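Morning, everyone. I have one structure for you today, so please look at the screen.

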Amino acid sequence: RNAQKKIKKTYKNRAQVCVTEASKTNRPYPDKAKDFVKYAEERFNKISEDQATCHREFSEACQYFGEKEGAWEEFFETWFEFLSEYQRAEIDVARAIANERRMARRALEEKKRKEEKKQRRRRASEAAIRKTSTRIASSARAGRPGSNSDAPASAASKLASKLELEAFGSL
């Protein structure tokens, strides 16, 4: 604004300078100087219009965002700080999401490992039960030395079947 006042003051004094210089030299104001002044006036008017538009749009932006109209440095510094904090928050959120996914993946892998371990134990237990029941049944069929009745073989076979049912039923 201060520069604009100085330019307007200089523009007003231009006419006086032209008259003074023309009277000193007894020559009319040269045509080239007139062309320059015309060009300078057009440029000055364009710059003044642009400055007024810029000021108006800046005022509208300040109103829109609820900020007091002040120096543009303050306005843009506020937005710079906001955007910096926003970007930091985005990074923090992305890290938190990645961490949650990593933790969920680890939990799933741990669950799978536990399930596989449980399955291995179950299979080993089933195999041991089958082996034991087979051994009991076969020893009952073959008969033990000194045993002449089928009653112990039948009882051993029933015991083996009961063990299998209990073992497989609990799994």
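Let's begin with a term. A salt bridge here is a side-chain nitrogen of Lys or Arg within 4 Å of a carboxyl oxygen of Asp or Glu. Hold on to that, and look at Arg 88. Arg 88 forms a salt bridge with Glu 85, and the closest N and O atoms are 2.2 Å apart.

Now, some ground rules. This is a predicted model: local features need pLDDT of at least 70, side-chain atom pairs count only at pLDDT 80 or more, and totals for chains, interfaces and linings use all residues. Residues are numbered from 1 along each chain as its sequence is written, and side-chain values use heavy atoms, with hydrogens and water left out.

What is pLDDT? It is the predictor's confidence in each residue, from 0 to 100. The chain has a mean pLDDT of 78, and 64% of its residues reach 70 or more. Where is confidence lowest in the chain, and where is it highest? Helix α4, residues 151-170, has the lowest, at a mean of 62. Helix α3 has the highest, at 88. Where pLDDT is low, the predicted coordinates should not be read in detail.

Next, the overall layout. The chain has 4 helices and 0 strands. Along the sequence, the pattern reads α-α-α-α. Helices (H or I, at least four residues) and strands (E, at least two) are DSSP runs, numbered from the N terminus.

How much of the chain is buried? Of its 171 residues, 11% count as buried. Buried means under 20% relative accessible area, exposed means over 50%, and partly exposed lies in between (1.4 Å probe, protein chains only).

Back to salt bridges. How many does the structure hold? It holds 3.

Arg 88 is partly exposed at 46% relative accessibility. Glu 85 is partly exposed too, at 47%.

Another pair is Glu 110 and Arg 113. Their closest N and O atoms are 2.6 Å apart. These two are also in helix α3, 3 residues apart, which means a separation of about one helical turn. Glu 110 is partly exposed, with a relative accessible area of 33%. For Arg 113, also partly exposed, the value is 45%.

Then move to helix α2, residues 31-64. Asp 50 and Lys 46 are 4 residues apart there, so about one helical turn lies between them. They form a salt bridge, with the closest N and O atoms 3.0 Å apart. Asp 50 is partly exposed at 39%, and Lys 46 is partly exposed at 43%.

Last topic: surface patches. Patches are made of residues with over 30% relative accessible area and no salt bridge; like charges are joined within 9 Å, and nonpolar side chains (Val, Leu, Ile, Met, Phe, Trp, Tyr) within 5 Å. Lys and Arg count as positive, Asp and Glu as negative, while His and the chain ends are not counted. A charge is placed at NZ of Lys, CZ of Arg, CG of Asp or CD of Glu.

Which residues form the negative patch? Glu 73, Glu 74, Glu 77 and Glu 81 do. Glu 81 is in helix α3, and it is partly exposed at 45% relative accessibility.

The positive patch gathers Lys 117, Arg 120, Arg 121 and Arg 123. Arg 120 is found in helix α3.

One nonpolar patch to finish. Phe 82, Leu 83 and Tyr 86 form it on the surface, with about 310 Å² of accessible area together. Such areas come from the Shrake-Rupley method with a 1.4 Å probe; for residues, only the protein chains shown count as cover. Phe 82 lies in helix α3, residues 72-142. Phe 82 is partly exposed, at 44% relative accessibility.
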